[in-house]
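Here are my notes on the model you sent over. Have it open beside you as you go through the points.

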Amino acid sequence: MSLVSGPGRAGVGNMPAEMQLFVDKHVRYIQSLDTRKDELEYWLTEHLRLNGLYWGLTALHLLGHPDALPRNEILDFLCSCLHDNGGFGAAPGHDAHMLYTVSAVQILATLDAFGEFEERVKDGRQKVGKFIADLQDSETGTFAGDEWGERDTRFLYGALNALSLMGLLDLVDVAKAVQHVHSCANFDGGYGTSPGAESHSGQVFTCVGALTIAGRLDLVDQERLGAWLSERQLKNGGLNGRPEKQEDVCYSWWVMSSMAMLGKLHWIDGEKLTQFILQCQDPELGGLADRPGDMVDVFHTVFGIAGLSLLKYPGLEEVDPIYCMPRSVTRRCLGK
Amino acid sequence: MSLQLIRSFIANIFLSPFAFLRIILLRLRKGFTYTSEYTMPPPKFYHDDEAWKDVEPLPQDDGGMHPLAAIAYTEEYSEAMGYLRAVMASNEFSERVLGLTEHIISMNPAHYTVWLYRAKTISELGKPLQDEIEWLNPTALKHLKNYQIWHHRQTIIDALGSPEGEAEFVSQMLEKDEKNYHVWSYRQWLVKRFDLFDNLEELQWTESMIDADVRNNSAWNHRYYLVIGGREGHAPSEEVTKREIEYTKEAIRKASQNQSPWNYLKGILRAAQLPKSTIKSFATEFADLEAPDDVYSSHALDLLADIYAEEENNKESAEKALDLLATRYDPIRANYWNYRKGLLSQSEVAA
């Protein structure tokens with residue numbers, strides 16, 4: 001899935017007085033992304049291709065158009081990104097990394113394609129699970145992104161996300177991972193990339209998500225974190241990622257999903273946020289941008305739509321706040 | 001020196017703001033300044049370069065989805081990548097490979113595999129690490145939000161074993177973007193790796209960053225890390241606590257509706273195990289319930305609500321403060337303030 005931005009800009013067309021979600025436009029926008037290979041940006045964003053596919057596919061499912069991308073071609077592409085060590089690269093010829101491996105597992109889960117994956121790759125799930133498990137630091141419990149060892153709570157969350165979807169959590173030391181997440185809690189109630197690093201809503205999502213999967217939300221100072229998260233809402237209804245920063249549609253997801261996991265989503269003004277997200281659409285060519293007037297892209301498109309789903313916008317599929325995937329899919333994989 | 005010299009690191013599913021994805025998006029938004037930025041030196045090609053005539057570039061394998069689309073690469077980038085694939089396939093580590101990686105990085109610094117191979121090459125050739133840092137400096141300044149560059153730098157400085165010159169470099173970077181998450185994380189790493197917690201200059205520098213922008217939450221976070229957060233749970237001394245409280249009060253007086261110092265103040269009190277009522281009279285300067293039209297800080301009201309709630313027989317004041325927040329001073333979070341009000345009556349029932 002291409003990450004080429006544009007061509008449209010958000011909120012510059014004739015937005016009708018009564019705001020609405022332009023479902024069909026967004027579907028066509030996502031479908032069009034892979035037809036733009038005559039643009040240099042398409043190739044410069046190759047190192048995100050597998051993430052992009054997950055973003056596009058998830059948006060389509062939430063929009064109620066799960067079959068809008070060719071299923072077999074997705075599986076072919078996905079398998080062409082797989083390395084012998086069980087990890088996935090962003091695109092063929094790119095090194096294996098946790099982030100793409102998680103995207104690959106999420107795509108397989110969403111397409112209900114684990115069976116076909118096993119047919120193509122013998123013991124496929126076990127191999128992928130082993131790649132992920134081998135990235136855990138046995139001393140600290142945290143995870144690296146690849147064999148070179150950069151550590152970040154994103155990777156830890158990604159590991160628990162993918163392993164739980166495959167039913168393979170027992171391959172790693174969950175208790176140690178939980179300990180590490182707990183050590184990243186800050187004085188303001190939030191979480192950063194590593195112990196002591198500044199609180200950031202994106203990182204809060206990964207830490208709260210990891211603790212939720214591990215069943216250890218009891219470790220979170222829920223009141224303080226909930227208050228900090230609700231402080232992210234600005235007067236125009238949008239949410240920011242850190243104090244004194246600008247609003248951005250993708251935080252509709254990071255902030256709201258965390259609040260949903262803590263059962264505190266009602267602490268922010270959902271109506272105002274809905275309006276803000278809808279203003280970030282391109283009403284003519286589809287897609288959402290970070291804020292009104294900017295270029296649209298698939299990243300902000302999925303997180304805007306997932307945010308609207310959390311806000312119970314009519315007609316959208318229910319999203320799972322822990323996984324950023326359709327709730328029907330996680331129910332199927334997790335059996336709950 | 002091992003291959004540990006590098007790691008790649010990447011984009012993110014999760015965190016657009018501090019990932020290079022942002023760089024790409026920004027670049028695209030600016031009408032794709034990429035071209036103007038890098039075509040200043042003319043495009044560099046390898047097919048007619050004597051030094052490369054022994055190498056046959058490897059074509060892109062697009063994985064079968066749309067193989068013909070590979071022709072869409074611009075010629076220069078595409079050719080350079082072809083040569084990179086070829087040298088990687090033959091495990092060549094040489095000066096010309098360093099040049100090639102530099103060329104590709106200048107076109108697309110987010111391509112993590114290129115950084116990886118560059119590190120391997122430096123390691124294999126035993127190149128002086130200081131040279132690599134000097135080469136990195138202008139590259140980092142050009143690509144502020146790139147992950148790879150920071151990681152590359154961290155590993156090299158770690159191997160060098162000295163933070164000399166790094167403080168100046170960090171300051172230079174922050175002049176361009178004072179809240180850059182990578183840069184602050186890197187600064188924290190320097191403090192920890194070279195044990196700069198009690199280095200007076202570090203605290204003074206942090207202060208100068210807060211002076212420059214009292215709303216810079218990253219600078220406040222760094223201060224907390226220096227004073228408390230990085231010190232493995234040791235409570236601050238009485239002297240340090242007093243100093244921090246006074247410092248923060250001054251900062252709040254400059255901008256009373258500023259979340260960062262209020263959060264910081266509460267953090268300091270908690271770490272020193274002091275009750276919130278320690279700063280009751282200070283908070284009242286900004287929010288006096290007797291003058292509900294003249295509230296200068298919702299954060300002060302919030303704090304006072306907590307303080308009143310803990311006092312005996314003062315639930316009414318707490319309720320009044322929360323009402324002011326819900327209806328006048330922070331109505332967008334009315335549900336949250338009303339929830340807090342609900343807790344008041346619950347604790348009454350419990351009592």
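1. Start with B:Ala305, which sits in helix α15 (residues 298-310) of chain B; helices here are DSSP runs of H or I with at least four residues, strands are E runs of at least two, and both are numbered from the N terminus. B:Ala305 is buried, at a relative accessible area of 3%. For the cut-offs, buried is under 20% relative accessible area, exposed is over 50%, and partly exposed lies in between, using a 1.4 Å probe and protein chains only.

2. What does B:Ala305 touch, leaving out residues up to four places away in sequence? The partners are B:Ala318, B:Ala321, B:Leu322 and B:Arg340, where contact means heavy atoms within 4.5 Å. B:Thr284 is 21 residues from B:Ala305 in sequence, with 11 Å between their C-alpha atoms.

3. A word on the ground rules: this is a predicted model, in which local features need pLDDT of at least 70 and side-chain atom pairs count only at pLDDT 80 or more, while totals for chains, interfaces and linings use all residues. Residues are numbered from 1 along each chain as its sequence is written, chains are lettered from A and ligands numbered from 1 in the order in which they are written, and side-chain values use heavy atoms, with hydrogens and water left out.

4. Now the loops of chain B. B:His234 lies in the one between α11 (217-229) and α12 (238-254), and it counts as exposed because its relative accessibility is 55%. B:Ala272 is 38 residues away from B:His234 in sequence, yet the C-alpha to C-alpha distance is 9.4 Å.

5. Two backbone angles deserve a look. B:Gln273 is not a glycine but has a positive phi of about 55 degrees. This residue is in the loop between α13 and α14 (280-284) of chain B, and its 71% relative accessibility is why it counts as exposed. B:Asn91, also not a glycine, has a positive phi near 50 degrees; its place is the chain B loop between α3 (75-89) and α4 (95-107).

6. Next, the second largest pocket, with a volume of about 710 Å³. A pocket is an open set of points on a 1 Å grid over the protein atoms alone, where a 1.4 Å probe fits, with protein on both sides within 12 Å along at least five of seven lines; lining residues have an atom within 4 Å of a point. Points are joined across faces, edges and corners, and the volume is the space filled by probe spheres set on them.

7. Which residues lie nearest the centre of that pocket? Of the 28 lining residues, they are A:Ser183, A:Ala185, A:Asn186, B:Tyr224 and B:Gly229. Two or more lining residues come from each of α9 (174-183) of chain A and α11 and α13 (259-271) of chain B, and α11(B) gives the most, with 5. The lining divides into 11 nonpolar, 12 polar and 5 charged residues.

8. Finally, the chains overall. Chain A has 15 helices and 2 strands, and 67% of its 336 residues are buried. Its C-alpha trace spans about 55 × 45 × 35 Å along the principal axes. Chain B has 17 helices and 0 strands, with 56% of its 351 residues counting as buried.

Terms used:
Ala, Val, Leu, Ile, Met, Phe, Trp, Tyr, Cys and Pro count as nonpolar, Asp, Glu, Lys and Arg as charged, and the others, Gly among them, as polar.
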